[in-house]
Amino acid sequence: MSGTSPPPGSRPSDAGPSAEPPTRTARLLEAMRSVGDGLEPRTTLRRICETAADLAGARYAGLSILAEDGERVTHLVHHGDGEDPAAARPADLPAVPRLEVPVRVRGEELGTLRLAGKRDGSRFDDHDRALARVLAMEAGVAVRNARLQESARQRERWIDGSVAVTTALLSGDDADDSLQVVAEQARRLSGAVTGIVLLPVDGGGMEIAAVADRPPAAPGADERGAESRAARHPGVPLGTVIPPESGLVVELLAGRSVVVDDAATDPRLLTGPARGYGPALVLPLRSDGRVLGGLVMPRACGERPFTRTERVLADRFAAQAALALVTAEAQRDRERIAVLKDRDRIARDLHDLVIQRLFTAGTTLESARRDAAAAEVREGVGRAVDELDVTIQEIRSAVFALRQPAETPTGLSIRIRREVTMAAVPLGFAPAHRCVGPVDSAVGDTTGKNLLAVLREALSNAYRHAGATRLEVVVDATVTLPDGRPGVRLTVADDGVGLPEGGRRSGLRNLERRAQSLGGTSRTGPGIGPDGAGTTIVWEAPY
């Protein structure tokens, strides 16, 4: 009956948790207020442990919080004496009174609050269990709020990254620069050791088109564990083609994502760029059912696996990047068609007008030579006629190169000549070029692809920024690198304005990255204009 006193001899606990002494309830309310002060989540959890141990009179209190997948413990916080947090499992606790309550929010189990060893030697009672449940609920709310806040921050970062990628791909910059932005944003946003962009190639394989590595630790920084090992992980050369039978390529070209906790042991990743790493996230770049490429984001051995939220956000990023790739590809196709039309027109003009005029001029000079009385005049006119013949042959070679389809498979020297010839249109003059040594037979596919990409970048810089009137290209396959290995050297020299102080260096960094990925070097020096005006790029790599 309401208002009656408990029977004589009864204990306070017989009445249930409602009979909690007022002072203890006040302390619990004060504790709940203090743990909700908006502190960093780990500090909040530690304070909950302290409060639980204090109010329940326990020698030990521990909180284990599960990861979002519910399979791993991500936070282990404890307070008290005689216990190691790594041993905070029921089977490992000493044979003393203990109490465990689940940490739950809206039916989702987030972890466990454990108490062990009453200071007065007694057992935990209903009051202890009631306050433990209240504090466990408070811990769940703190964990839930922290995850919601982190999820919101992650979404904001991934959205910003998607915007950066879209801007880069549609800016009209060099394709290598744009793909490098994709790789760097993927690495930064996912917390990976490296970000890698793969593109399909003829034959069914995939080529490593861009690599962005995590910056090295600052000098004197504490390098330990997995991150230190990751910094020393060997890189993969740009231009390397992963064969079609690789499990990674099979999954990507089928449009399937790959999420693993340990890339070092997953058979699908043993032949790809993620081998030897820890957790890895591999996503197809897919648009309208077509696979345009792939993103590889591996973390270091021992680092945490990717959460559900990270996987969802990365999927959205990959979809946005793929859409931007399609749009940029269409834009480049339009530019390529315009260039091909220009090449066609130039080839026609060279063949129909320039060669005919030169031929007529040569015939006139030949006639004048026969009629000339002085021997010196005949010799001079003869030399001019010979020069005209050579010029006509060079123009015919240029016409032939201009009329070749860009997709025609040829040797490296022919592809070099094609790149140089195509640059004549925007430059307004034909660059000089020559190949030395066994360029076609000695230079391997990977080095050759990188060399062509570097040549394209250097020619692009010359006609976009240098304002050059003279340009020379030399490819020498007879060089010996500083370490004694045989290699190939590409030299591109112009007489333009040179490298401006404080100007963009992304193109030059691309050249350096390509050289370093092959074990080579890239450097710049004075040009071939008066007093060293202009720029000379020297790029070297082993065969």
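This is a predicted model: local features need pLDDT of at least 70, side-chain atom pairs count only at pLDDT 80 or more; totals for chains, interfaces and linings use all residues.
The protein has 543 residues, of which 42% are buried. Its secondary structure consists of twelve helices and 15 strands. Contacts between residues at least 6 apart in sequence were examined for their separation along the chain, and 64% of them join residues at least 24 apart. The accessible surface amounts to about 28000 Å², with carbon and sulfur atoms accounting for 53% of that area.

Strand E1 spans residues 58-66, and seven of its nine residues are buried, so that the strand is mostly covered under the cut-off of 20% relative accessible area. E1 pairs with two other strands. With strand E4 (residues 108-118) the arrangement is antiparallel and involves seven bridges; within this pairing, Tyr60 stands opposite Ala116 of E4. With strand E2 (residues 73-80) E1 also forms seven bridges, again in the antiparallel sense. In that pairing Ile65 stands opposite His75 of E2. In a regular strand, side chains alternate between the two faces of the sheet.

The largest nonpolar core contains 28 residues, and the members that touch the most others are Ile416, Leu455, Val473, Leu490 and Trp539. Two or more residues of this core are contributed by each of helix H9 (412-427), helix H11 (445-466), strand E12 (471-480), strand E13 (486-494), helix H12 (506-518) and strand E15. H11 supplies the largest share, with seven residues. Beyond its neighbours within four places in sequence, Ile416 is in contact with Cys435, Val439, Leu451, Leu452, Leu455 and Val475. Another core, of 27 residues, lies apart from this one and includes Ala53, Leu63, Val77 and Leu115.

The buried residues of H9 are Leu412, Ser413, Ile416, Arg418, Glu419, Val420, Thr421, Ala423 and Leu427. An α-helix has 3.6 residues a turn, so residues three or four places apart point the same way. Just after H9, Gly428 adopts a positive phi of about 90 degrees.

Strand E15 covers residues 535-542 and includes Thr535. The relative accessibility of Thr535 is 10%, and this residue therefore counts as buried. Apart from neighbours within four places in sequence, the contacts of Thr535 are with Val492, Ala493, Asp494, Gly498, Leu499, Thr524, Gly525, Pro526 and Gly527.

The structure holds 14 salt bridges. Side chains of opposite charge can pair when their charged atoms come close. In one of these bridges, Arg456 is joined to Glu419, with the closest N and O atoms 3.2 Å apart. This pair links distant parts of the chain, since Arg456 belongs to helix H11 and Glu419 to helix H9, 37 residues apart. Arg456 counts as partly exposed at 41% relative accessibility, whereas Glu419 counts as buried at 17%.

Salt bridges with shared partners connect Arg299, Arg304 and Glu310 into one network.

Glu251 is buried, its relative accessible area being 15%, and Arg256 counts as partly exposed at 41% relative accessibility.

Methods:
Residues are numbered from 1 along each chain as its sequence is written. Side-chain values use heavy atoms; hydrogens and water are left out. Helices (H or I, at least four residues) and strands (E, at least two) are DSSP runs, numbered from the N terminus. Buried means under 20% relative accessible area, exposed over 50%, partly exposed in between (1.4 Å probe, protein chains only). Contact means heavy atoms within 4.5 Å. Accessible areas come from the Shrake-Rupley method with a 1.4 Å probe; for residues, only the protein chains shown count as cover. Two strands pair if DSSP finds at least two bridges between them. A nonpolar core is a set of buried Ala, Val, Leu, Ile, Met, Phe, Trp, Tyr and Cys residues joined through side-chain atoms within 4.5 Å. A salt bridge is a side-chain nitrogen of Lys or Arg within 4 Å of a carboxyl oxygen of Asp or Glu.
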